[in-house]
Number of protein chains: 2
Amino acid sequence: MKNSGTWSSYCPVNITSESEKIQLAHGEGARATRQLIRKLIEPRFSIGSHLADAAWLEHPSEHLAVATDSHTVHPLFFPGGDIGSLSVYGTVNDLAVSGAKARWLTLSLVIEEGLPIAVLECVLDSVAEAAKRCEVSVICGDTKVMPQGAVDGLVLNTTGIGQAMRFIPAGPDTIESTDCIIASGPLGQHGIAVMSAREEFSFSAPPVSDTAPLTDSVEALLFAAGDSVRAIRDATRGGVSAVLHEWAESGACSFELKQSQLPVSETVKGACEVLGLDPLYVANEGVFVAAVAKKDAEAAVAALQKLPISREATIVGQAGEPGMTPVTIRRILGAAQPLDEPSGAPLPRIC
Amino acid sequence: MKNSGTWSSYCPVNITSESEKIQLAHGEGARATRQLIRKLIEPRFSIGSHLADAAWLEHPSEHLAVATDSHTVHPLFFPGGDIGSLSVYGTVNDLAVSGAKARWLTLSLVIEEGLPIAVLECVLDSVAEAAKRCEVSVICGDTKVMPQGAVDGLVLNTTGIGQAMRFIPAGPDTIESTDCIIASGPLGQHGIAVMSAREEFSFSAPPVSDTAPLTDSVEALLFAAGDSVRAIRDATRGGVSAVLHEWAESGACSFELKQSQLPVSETVKGACEVLGLDPLYVANEGVFVAAVAKKDAEAAVAALQKLPISREATIVGQAGEPGMTPVTIRRILGAAQPLDEPSGAPLPRIC
């Protein structure tokens with residue numbers, strides 16, 4: 001914030017040094033983000049409940065869903081991906097976990113003056129390749145340039161429109177206390193990959209982002225388990241922890257994870273130990289969490305494992321009765337511990 | 001650009017100090033923007049021709065249009081509006097000039113750490129009020145926070161989805177050399193209002209932005225003149241000049257404006273003289289340019305004048321045979337002069 005000129009003397013409210021300020025935590029996708037949305041956004045707009053990743057149009061003739069995402073990842077390129085592919089898969093996945101197959105995408109660029117055009121071309125190539133992989137058309141866009149110093153490099157917004165899949169998850173409201181929790185793949189890959197690129201850590205084998213489209217895996221899950229699939233969320237900012245805390249917020253159920261069941265690669269495990277992070281809080285960009293009725297959970301996992309992106313899908317925990325602790329984790333050696341929801345901002349600009 | 005870490009060592013291209021860079025002009029909406037889109041965007045994506053403001057979905061059952069816009073205006077508040085209302089009307093207008101009535105809107109916030117929450121609340125109130133005025137629902141959103149210094153204040157993306165009006169303009173391809181050019185209101189209000197707020201100029205009567213929804217005026221125009229309406233564009237970045245240069249680019253026609261006919265307020269005229277600007281290059285946010293067949297042009301103007309927002313609508317020029325000069329202006333005293341298209345960036349961050 002350079003000076004008060006940012007909002008100008010025409011701002012109708014008086015701002016002092018005591019005024020409450022936006023903090024990095026408001027963008028972390030966990031508790032502070034939820035609170036901001038509940039307090040500031042929901043009272044003003046007809047945004048759906050549950051902060052769902054996508055909204056369904058009240059459209060007479062066909063079921064269309066919409067999702068939007070601005071991407072601010074730093075650095076722009078990281079092992080396994082870049083801001084271009086991330087922006088496509090991020091929005092495609094928001095639609096997928098809502099039960100919609102992305103068809104159309106808008107692309108809005110906010111570019112810092114001085115960005116090398118070759119960098120922009122790489123990013124656009126990546127957008128185009130990712131869109132082709134997902135069979136979505138980029139149909140319109142917008143280009144803004146901000147003066148040097150007014151935005152760091154490149155911010156990329158995509159908004160996606162998708163068509164309803166055959167089955168649509170009913171939503172976290174419907175989770176029952178006997179349901180199983182499935183993770184579709186290994187945890188923490190994306191956050192650790194971006195961190196390692198940003199901080200220029202040198203690992204012998206650098207962690208690679210899991211950035212990938214989840215549409216096929218979601219369709220396979222819904223085909224295998226149908227109405228038994230209560231809710232699906234991609235575990236992005238705030239990781240698996242943020243998804244389960246959000247689902248638990250209604251107070252209708254709690255969740256217990258089993259550490260021994262969590263799919264975490266040795267690379268991520270090692271990096272998390274060094275960095276003092278828990279993979280459950282680290283962002284993924286190609287992993288979802290699903291709540292599935294117990295009777296169909298094994299079949300659901302088997303269906304997911306048939307696809308390369310979700311070949312490591314596994315049951316990582318279960319829902320339970322509502323209690324004092326919304327999410328607990330049963331450690332490998334020892335009793336169940338509460339899984340706190342961090343209010344700080346461990347990993348800004350991860351997506 | 002802090003350092004090469006912005007795109008990181010994982011960037012697949014080698015960037016040197018000689019690499020071509022993005023300039024402010026690439027975001028001005030005029031020639032450099034068009035060239036960037038033609039060279040970088042069009043070869044990669046199925047973006048419609050003519051850089052239209054909105055795209056139509058290839059949708060089996062109903063005609064739906066989509067438009068996206070990121071807003072970076074500085075300062076956030078200015079006489080007559082703010083980034084909130086601007087973001088709603090900007091996208092609603094992109095749909096309107098394409099012949100679609102906005103129905104649904106997404107809202108994506110990229111916020112600088114440290115922005116006072118009261119400022120954000122003002123902006124969101126403004127979004128909500130503008131959305132209500134346009135009868136659009138804000139159905140989903142996204143919130144990102146960037147660390148202090150990584151983005152200046154607030155960037156706001158809206159993506160709109162709209163339904164086809166009864167008539168849809170056929171597009172600038174169909175402009176004929178006898179068509180009239182209509183401006184729907186006084187020129188240059190928005191750009192001058194933002195500049196005066198940014199630079200803290202003190203005018204006795206400060207210019208007020210024209211930020212407003214154009215849907216009703218477009219509908220009135222299309223209802224009055226139907227198929228005679230060849231093309232409509234809102235004259236935002238780059239002003240009326242940018243619209244006519246873009247339409248002339250196909251080479252099928254040229255345009256001649258009459259200075260004596262241009263609706264420009266005394267305030268804007270005075271400010272433009274002081275600042276060395278021509279109102280034809282200054283951004284509007286509540287004015288469109290339309291090419292209408294001569295036989296229906298008077299009726300079109302009469303229909304527009306019945307609505308408050310377009311009560312100063314008037315014929316400002318006409319199309320002509322293709323020639324060496326795409327756009328000329330007949331000055332009040334003297335012969336026709338070429339209206340150059342600026343390649344520089346006179347007014348960054350105006351929307």
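Buried area is the accessible area that two parts lose on being put together, summed over both. In this predicted model, the area buried between chain A and chain B is about 8800 Å². Carbon and sulfur atoms give 69% of that area. The contact involves 98 residues of chain A and 98 residues of chain B.

Polar and charged pairs also span this interface. The rule finds 25 residue pairs in polar contact between chain A and chain B, with both residues at pLDDT 80 or more. Salt bridges across the interface of chain A and chain B number 6. R237(A) and D142(B) meet through their side chains in a salt bridge, at 3.3 Å from N to O. Several elements of chain A give two or more residues to the side that touches chain B. The helices are α1 (31–41) and α3 (117–134). The strands are β2 (64–71), β3 (77–78), β5 (100–112), β6 (137–146) and β7 (154–164). By class, this side of chain A has 54 nonpolar, 27 polar and 17 charged residues.

Over all chains, the count of salt bridges comes to 36. A salt bridge within chain A joins the side chains of E249(A) and R34(A), at 3.2 Å from N to O. This pair links distant parts of the chain, 215 residues apart. E249(A) lies in the loop between α6 (239–248) and β10 (254–258) of chain A, whereas R34(A) belongs to helix α1 of chain A.

Helix packing was examined in chain B. Two packed helices are described by the angle between their axes and the distance between the axes. The axes of α5 (residues 215–225) and α8 (residues 294–305) of chain B come within 8 Å. They cross at roughly 145°. The crossing of α5(B) past α8(B) is right-handed. On α5(B), the contact is made by S217(B), A220(B), L221(B), A224(B) and A225(B). On α8(B), D296(B), A299(B), A300(B), A303(B) and L304(B) take part. This contact has 8 nonpolar, 1 polar and 1 charged residues.

Backbone geometry was considered next. Most residues other than glycine have a negative phi, and most peptide bonds are trans. The peptide bond from H74(A) to P75(A) is cis, with omega near 0°. P75(A) sits in the loop between β2 and β3 of chain A. In chain B, a cis peptide bond joins H74(B) and P75(B), with omega about 5°. P75(B) is placed in the loop between β2 (64–71) and β3 (77–78) of chain B. R349(A), a residue other than glycine, has a positive phi near 55°. R349(A) lies in the segment after β14 (336–338) of chain A.

Note on methods
Residues numbered from 1 in each chain as written. Chains lettered and ligands numbered in written order. Predicted model: local features only at pLDDT ≥ 70, side-chain atom pairs only at ≥ 80, totals over all residues. Heavy atoms only, no water. Contact = heavy atoms within 4.5 Å. Buried area = accessible area lost by both parts, 1.4 Å probe. Salt bridge = Lys/Arg side-chain N within 4 Å of Asp/Glu carboxyl O. Polar contact = N/O pair within 3.5 Å; in protein donor to acceptor, adjacent residues only side chain to side chain. Helix = DSSP H or I, 4+ residues; strand = E, 2+ residues; numbered from the N terminus. Nonpolar A, V, L, I, M, F, W, Y, C, P; charged D, E, K, R; others polar. Axes fitted to C-alpha atoms, helices over the stretch in contact; angles between N-to-C directions. Left-handed = near helix turned anticlockwise from the far one by under 90°.
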